[in-house]
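I opened this entry to work through one structure from the chain as a whole down to single residues. My notes follow in the order I looked things up.

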Amino acid sequence: MDLRKLQRVVIDALEDVKAQDIRVYDTTKLSELFDRVIIATGSSNRQTRSLAMSVKEEVNAKGGEVISIEGLETGEWVLVDCGDIVVHILQPMLRSYYQLEGMWGAKPVRVKLAGSKGLAKASESEDDDE
C-alpha cells in the first residue's frame with residue numbers, strides 16, 4: 001500500500017476510536033526499517049487496546065498488512081507494526097515519561113486531523129500531507 005494512503009488509513013482508524021494528540025513523524029533519515037512513526041494517546045488500557053485493534057482492522061480491510069502488535073496484555077503502551085509505519089499508542093503518563101517525540105520527532109509530517117475542516121476519509125480520497 002502507498003505510504004500516504006497507509007498513513008491516512010492509520011490516522012482515520014485512530015480518530016474513529018477518539019485517539020488524542022495524534023502526531024506523525026517522517027523517520028526515513030533516522031531508520032531504514034520504517035518511514036513513519038505515529039504517536040497517539042489513549043485514556044485507558046481499554047482504549048489503547050481498542051485503538052490498536054481499530055488500526056489493525058482498518059489496515060487489513062484496505063489491503064495493507066499489520067506485521068505485529070505488542071503490548072495488548074497490559075494496554076499501557078501498544079505498538080502496531082504496519083511495515084512502513086510504526087504506531088505507538090500510549091497512556092498519558094507513559095507518553096509524558098518516555099517522550100518518544102524527542103527520539104522520532106525531528107521531522108513532523110503535516111496531516112489533516114478530524115478537527116480540520118473538510119477532512120476526507122481514506123476511503124474517499126487521498127490526503128496531501130507532505
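**Confidence.** I checked confidence before anything else. The mean pLDDT of the protein chain is 90, and 88% of its residues reach 70 or more. I keep in mind that this is a predicted model. Where does pLDDT stay under 50? I found that stretch at residues 117–130. The model has 30 contacts beyond four places in sequence for this stretch.

**Whole chain.** I then took the overall numbers. The protein chain has 130 residues, and 44% of them count as buried. I read an accessible surface of about 7,200 Å² for the chain. Carbon and sulfur atoms hold 48% of that surface. I also looked at contacts between residues at least 6 apart in sequence: 59% of them join residues at least 24 apart.

**Elements.** I listed the secondary structure next. The protein chain has 4 helices and 5 strands. Read from the N terminus, the order is α-β-β-α-β-β-β-α-α.

**Sheet.** In what order do the strands of the open sheet lie? I get β1-β2-β5-β4-β3, with mixed pairing. The edge strands are β1 and β3 (68–70), and each pairs on one side only. I69 has V80 in β4 as its bridge partner.

**Helix on the sheet.** I followed helix α1 (residues 3–16) next. Helix α1 lies across β1, β2 and β5 (85–90). Its direction is at about 5° to β2.

**V80.** I stayed with this residue because it turned up in the bridge to I69. V80 sits in strand β4. Is V80 buried or exposed? At 0% relative accessibility, V80 is buried. I listed its contacts, leaving aside neighbours within four places in sequence. They are A52, V55, V66, S68, I69, I85, V86, V87 and I89. I also took one distance: V80 and M53 are 8.9 Å apart, C-alpha to C-alpha. In sequence, V80 and M53 are 27 residues apart.

**Aromatic pairs.** I searched the whole structure and got 3 aromatic pairs. One of them joins F34 and W104, and this pair is edge-to-face. The centres are 5.3 Å apart, with 65° between the planes. F34 lies in the loop between β1 (20–26) and β2 (36–41), and W104 lies in helix α4 (residues 100–104), so the pair ties together parts that are 70 residues apart in sequence. Both F34 and W104 are buried.

I went on to W77 and Y98. Their ring centres are 5.0 Å apart and their planes are at 50°, so I record this pair as tilted. W77 belongs to strand β4 (residues 77–81) and Y98 to helix α3 (residues 92–98), so the pair ties together parts that are 21 residues apart in sequence. W77 is partly exposed, at 27% relative accessibility. Y98 is partly exposed too, with a relative accessible area of 43%. Which residues form one aromatic cluster? I noted W77, Y97 and Y98.

Technical notes
Residues numbered from 1 in each chain as written. Predicted model: local features only at pLDDT ≥ 70, side-chain atom pairs only at ≥ 80, totals over all residues. Heavy atoms only, no water. Helix = DSSP H or I, 4+ residues; strand = E, 2+ residues; numbered from the N terminus. Buried < 20%, exposed > 50% of the residue type's maximum accessible area, 1.4 Å probe, protein only. Contact = heavy atoms within 4.5 Å. Areas by Shrake-Rupley, 256 points an atom, 1.4 Å probe, with all protein chains shown as cover. pLDDT = per-residue confidence, 0-100. Phe/Tyr/Trp six-rings, centres within 6.5 Å; stacked < 30°, edge-to-face > 60°. Pairing = 2+ DSSP bridges. Axes fitted to C-alpha atoms, helices over the stretch in contact; angles between N-to-C directions.
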